Amino acid sequence: MAFCSKSSRNIINNLKSKLGLSRLMNRGSDGCLNKTNPDRFLPLITLPQLRNPDSYSHKTSHSFSSQRFQSTTSEPQFASVPNGEHNQELDFPGGKVVFSPEMRFLSESPCVYNNCYRVLDDNGQLISNSIFVQVSEKIAVKMYSSMATLQILDTIFFEAQRQGRISFYLTTIGEEAINIASAAALTSDDIVFPQYREPGVLLWRGFTLQEFANQCFGNKADYGKGRQMPIHYGSNKHNYFTVSSTIATQIPHAVGAAYSLKMDKKDACAVTYFGDGGTSEGDFHAALNFAAVTESPVIFICRNNGWAISTPTSDQFRSEGIAVRGQAYGVRSIRVDGNDALAMYSAVHAAREMAINEHRPVLIEAITYRVGHHSTSDDSTKYRPADEIEWWRMARDPVTRFRKWIETNGWWGSEAESQLRSSIRNQLLQAIQIAERAEKPPVNDLFTDVYDNIPSNLRDQEKLLRETINRHPEDYPADVPF
Amino acid sequence: MLGVVRKKMLGQSLLKIRPAVSMLRSYSSAAKQMTVRDALNSALDEEMSADQKVFLMGEEVGEYQGAYKISKGLLEKYGPERVLDTPITEAGFAGIAVGAAYHGLKPVVEFMTFNFSMQAIDHIINSAAKSNYMSAGQMSVPIVFRGPNGAAAGVGAQHSQCYAAWYASCPGLKVLTPYSSEDARGLLKAAIRDPDPVVFLENELLYGESFSVSDEVLDSSFCLPIGKAKIERVGRDVTITAFSKMVGHALKAAEILEKDGIDAEVINLRSIRPLDRSTINASVRKTNRLITVEEGFPQHGVGAEICASVVEESFAYLDAPVERIAGADVPMPYAANLERLAVPQVEDIVRAVKRACYRSVPLAAAA
């Protein structure tokens, strides 16, 4: 049995070696063929001026003092070469070229590892010289509470499925930082197009535990009117588009919505999430290409968690991760430690500014690990070692890591911790009880919303159904309102 | 074998057949000629002018003025923000259009031919058709997918398939098939204004055909109801249902049959989903015989659905078995003689009607 521990080792290696931003950009290695190109990366991004003066903390000296946002156009790819005739620039309709008599193939992997941005080390302590967007105590505590709530929510609902109370569930364990930190860096006007492992974004925006439970139980109060499997949440008022099971279809949707926002000149962007597996879909390619061409304000957030059900990333793609693909489409990109809530927050914050002010798409690759099974229909110990899963669950937990940081700042303690955990747990258990006992959606909800107005054939069918139910009431279930 | 349909004769015969349409006293009944291409172009133009949210996207719709010149002049008039030339990715731009529709814009997506829509069909079905239902009314998709459908002339298997049956089987979609210029204008306007996703199946060979249009049709508020068929020719002896290009064939067949004493009623379906079952059934109850005509493949086609509907609702009224005329059950061949044999011709309709009337009829088509 091939455990593909190689790929998990890659992830571990990536994360281990990327402390701080100390790497030089151009090592001049032999593999790097583009010697005349001094900068494959943008100059270090200076972060935008903080909008909310309240969020500025006076505590640490590592915090970033406000600097004016600088335009970040990349260095031209073509340096002027003094060699003369052979190296002139020439304009083709397909692009500008600089000729060269040397036959050079671009390497299949970039010369230098994509820098992975992180700000907190594995113990939740701030790395020296790190650049990040400061977060106030209030926001930081809300972030932590939400991450913990998400963890508990997942655990309890997963259990509920195993007890046969709901038919299906899908956890976000290990990816809480991506969910919550990204949501915290957005505004409520930004439109979210999720895949299915981002309930934390909805949680941050105010979806209640009861509302989550209602959807999972498909009862009368479900906003989805009982039409979808569990975890297919959707809420117009939270600007969170209903989860759709098909992979990566939401990515071009987000670009279309972003285009619409641009045409409306709104101070908002579209944000879409997908996994490493989703980037193999044609929709990913088309969407990124289109976003660049149409200059749409959209943020693409890839949760590279190492697994697409049982398919490890080494079987999914051979590119060096996802962020490198951005450049191929003309999309600015960054690779971030997805388990570092502070780094995620900063990256998304910066990306949002760029997307809206410069009308451009931005790609964020958040490296993380899918601690849970793919879903309740999966047993991941069948294709990866159980101790690997345990190690990531215990030693690399993003929630614990962030907790250590807020505790260091004196904003959290063990009493607050136990109070939060027991309170959420009780609320959840109660929400589940209420949701379970609630009535199912009424019969007429079978026929509505197929079209804007109900067509005559469906009206006839509903009438027929009601007549049948009236004739045989003993066969009709008691908890479905008539 | 009659050969290629004569376009001019068709326009004139329509003038004779159609009863004068003037619902308002202020409109004169003097008829002007308009091609289907101009009908579509004017409908797009007027709807884009009336509603800022309507925009057009597709391959070649802008600078090239449209692959079939349907969007001629629109880029110049409305600018590149509202007439988008897209990269070559049907899946991509269909998905993007759906996303724009989710946010409240009203996209009109052009497929160069509906054969290419198969690359985007996941977005048409899973992202557009089902969204309103799956989101319980939170995500409506006021989108129109349009383009030429069915066989053209000598374009081979991958450019000739008819998709009416495929799209019409899916709840959540509306599927329209205009025939004349009046149909084209009225149905496209209705489609753009409709809050549900609409698949609008045109026909390349009809683009250049001229039809007479009344002043009422030319008015910018003109609109046809979705889900109503039109009786192009009233008759007593047999009902012929058809849509798109086949309506012209059916009308020609009716003329030929008239000389043999058979009075055929021709129904232009106009809307495949919702199908106007009441008009069809009322007609069959009157004539007692039914022939369905379509260009697409026979199995699971539109004719099969119509036949089932009539058998379910008007079985006792049938005096003869329902017969379906459809394209041959082969991928469309290219050679002209083979293509002619693979697509329904007027004589096929004539023979089928005669069979329904129990007249003796040669079995095979003449080559």
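Guide: Helix α12 (residues 302-314) of chain B lies across β10, β13 (290-293) and β14 of chain B, and runs at about 155° to β13(B). Here the angle is taken from 0 to 180 degrees between N-to-C directions, with axes fitted to C-alpha atoms, for helices over the stretch in contact; contact means heavy atoms within 4.5 Å. Helices (H or I, at least four residues) and strands (E, at least two) are DSSP runs numbered from the N terminus.

Please keep in mind that this is a predicted model, in which local features need pLDDT of at least 70 and side-chain atom pairs count only at pLDDT 80 or more, while totals for chains, interfaces and linings use all residues. Residues are numbered from 1 along each chain as its sequence is written, chains are lettered from A and ligands numbered from 1 in the order in which they are written, and side-chain values use heavy atoms, with hydrogens and water left out.

Now to the sheet under discussion. Five strands of chain B form an open sheet with mixed pairing, in the order β9-β11-β10-β13-β14; two strands pair if DSSP finds at least two bridges between them. The edges are held by β9 (230-233) and β14 (323-325) of chain B, each with a single partner strand, so one side of each has no neighbour in the sheet. On average, neighbouring strands of this sheet are turned by 25° against each other, direction ignored. Within the sheet, β10 (residues 238-242) and β11 (residues 264-268) of chain B pair in the parallel sense over 5 bridges. You can find Ile240(B) opposite Val266(B) in β11(B).

Next, the meeting of the chains. In chain B, 39 residues are in contact with 36 residues of chain A. The area buried between them is about 3,200 Å², with 62% from carbon and sulfur atoms; this is the accessible area (1.4 Å probe) that two parts lose on being put together, summed over both. His103(B), Tyr133(B) and Gln138(B) supply 23% of the area that chain B buries against chain A, more than any other three residues.

Between chain B and chain A the count is 0 salt bridges, a salt bridge being a side-chain nitrogen of Lys or Arg within 4 Å of a carboxyl oxygen of Asp or Glu. The elements giving two or more residues to the side of chain B that touches chain A are α4 (90-102), α5 (121-129) and α6 (131-134) of chain B. Of these, α4(B) gives the most, with 9 residues.
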